[in-house]
Amino acid sequence: MLVRVLAAMSGGVDSAVAAARAVAAGHDVTGVHLALARNPQTYRTGARGCCTLEDSRDARRAADVIGIPFYVWDMADRFHEDVVDDFVAEYAAGRTPNPCLRCNEKIKFAAVLDRAVALGFDAVVTGHHARLGPDGLLRRSVDMAKDQSYVLAVLTREQLDRSMFPLGDSTKAQVRAEAAERGLAVADKPDSHDICFIADGDTRGFLAGRLGEAPGDVVDASTGAVVGSHTGAYAYTVGQRRGLHLDRPAPDGRPRYVLSITPKTNTVTVGPAEALEVSRVRATRPVWTGGPRPATPVECEVQLRAHGDVVPATVDLDGDTLHAELRRPVRGVAAGQAVVAYRPDPAGDIVLGSATITG
């Protein structure tokens with residue numbers, strides 16, 4: 001069946017091959033590049049970007065090779081409000097956000113999808129490494145090293161129903177080989193990394209420029225003693241070990257880690273690694289797409305950060321709250337990240353749902 005598809009083209013190899021596969025499948029495809037930077041010169045270039053002028057040109061050249069119409073949509077203001085401002089506000093509140101997840105939730109599968117549907121498109125196709133089959137279930141990619149189901153788990157049932165992920169059954173190496181065969185110049189383009197809107201990769205400096213310096217104490221959890229100082233609690237995240245600049249070592253000589261950030265008192269609390277262990281996770285704003293919302297606890301596996309290990313757990317939904325009882329303790333669980341529940345499956349682990357960790 002012919003489907004009118006909008007291909008979100010970042011300028012990288014994955015989105016280019018995804019668009020080409022949509023054409024090969026017989027769909028009516030139009031390419032679009034999202035201009036997300038108010039000043040593209042301030043965003044990363046080369047291997048470290050996904051929103052630059054260079055990326056826009058690469059996307060246009062790929063669309064020309066594929067033979068599809070191509071447009072650029074200015075989403076800079078929406079991106080700044082929903083992703084960049086949210087990123088800053090979350091750190092200011094002592095949480096650790098995932099901007100890629102937020103971009104999927106608010107930009108690619110909300111603002112872009114809404115506009116696409118309004119223009120008569122049936123679906124949006126992207127180069128994410130995940131599987132979405134005829135059963136409508138979101139599954140992990142066959143390439144576990146590149147799997148992006150974690151950052152897609154925030155999508156609703158309605159958004160998934162209008163999404164296409166053609167790369168989920170291929171490894172990254174296969175995608176690059178296909179791009180070369182198709183004559184796409186981005187075949188060897190390096191992957192983007194880190195946060196696209198932080199030009200130099202200095203997250204602490206980026207936050208300081210927007211939040212200002214706010215000196216405070218670093219406190220030892222076991223003694224209550226002040227063991228250091230900081231210029232902004234927002235610059236820290238739970239589980240962090242490096243860059244603490246403590247004035248005195250722990251009595252036992254062991255490393256200290258960030259255990260918590262308290263914006264109200266502007267305090268960073270540190271302690272030993274074992275104090276990071278948690279066995280229960282609470283999260284809000286659950287999204288459940290792996291079947292009917294369960295009325296009783298579900299045995300599953302959970303992932304608590306991008307590229308993190310999976311842990312067997314019991315998940316229980318209670319209104320707008322998700323509770324996860326972990327079968328083994330996990331260290332460094334940070335508020336603001338997502339907890340994603342999976343059901344193991346030989347055909348690819350199935351995303352059941354996700355929620356935002358609060359504690």
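Are Phe87 and Phe197 buried or exposed? Both residues are buried. The notes below place this pair in the wider structure, which is a predicted model.

1. Division of the chain. The protein chain is split into domain 1 (4-127 + 166-182), domain 2 (214-271) and domain 3 (277-357). Taken over C-alpha atoms, the centres of domain 1 and domain 3 are 27 Å apart. Contacts between these two domains involve 8 residues of domain 1 and 7 residues of domain 3.

2. The largest nonpolar core. This core has 43 residues, and the members that touch the most others are Leu6, Leu34, Phe79, Phe87, Ile107, Phe197 and Phe206. At least two residues come from each of strand S2 (28-35), helix H3 (76-92), helix H4 (99-118), helix H8 (203-211), strand S10 (257-262) and strand S11 (267-271). Domain 1 (4-127 + 166-182) and domain 2 (214-271) each contribute at least three residues to this core.

3. Surroundings of Ile107. With neighbours within four places in sequence left aside, Ile107 is in contact with Leu34, Leu36, Arg78, Phe79, Asp82, Val83, Arg102 and Val112. Two of these partners, Leu34 and Phe79, are also named with Ile107 among the core members that touch the most others.

4. The second core. A separate core of 25 residues is also present; among its members are Val13, Val29, Ile66 and Val175.

5. Aromatic pairs. The structure has 6 aromatic pairs. In the pair of Phe87 and Phe197, the ring centres are 5.2 Å apart and the planes are at 80 degrees, so the arrangement is edge-to-face. Phe87 belongs to helix H3, while Phe197 is in the loop between helix H7 (172-181) and H8, so this pair ties together parts that are 110 residues apart in sequence. Both rings are also part of one aromatic cluster, together with Phe79, Tyr91 and Phe206.

6. Charges over rings. Two arginines are placed over aromatic rings. The charged end of Arg4 sits over Phe121, at 4.0 Å from the centre of the ring. Arg115 lies over the face of Trp73, and here the distance to the ring centre is 4.7 Å.

7. Database annotation. An unreviewed UniProt entry lists residues 205-271 as "domain: tRNA-specific 2-thiouridylase MnmA-like central". In the model, this stretch is 10% helix and 31% strand. The C-alpha atoms at the ends of residues 205-271 are 25 Å apart.

Terms used
Residues are numbered from 1 along each chain as its sequence is written. This is a predicted model: local features need pLDDT of at least 70, side-chain atom pairs count only at pLDDT 80 or more; totals for chains, interfaces and linings use all residues. Side-chain values use heavy atoms; hydrogens and water are left out. A nonpolar core is a set of buried Ala, Val, Leu, Ile, Met, Phe, Trp, Tyr and Cys residues joined through side-chain atoms within 4.5 Å. Buried means under 20% relative accessible area, exposed over 50%, partly exposed in between (1.4 Å probe, protein chains only). Helices (H or I, at least four residues) and strands (E, at least two) are DSSP runs, numbered from the N terminus. Domain bounds come from an automatic or database domain assignment. Contact means heavy atoms within 4.5 Å. UniProt positions are given in the numbering used here, feature names are shortened, and annotations may be inferred rather than shown by experiment. Rings of Phe, Tyr and Trp (its six-membered ring) pair if their centres lie within 6.5 Å; planes under 30 degrees apart count as stacked, over 60 as edge-to-face and the rest as tilted. A charge sits over a ring if NZ of Lys or CZ of Arg is within 6 Å of the ring centre and within 35 degrees of the ring normal.
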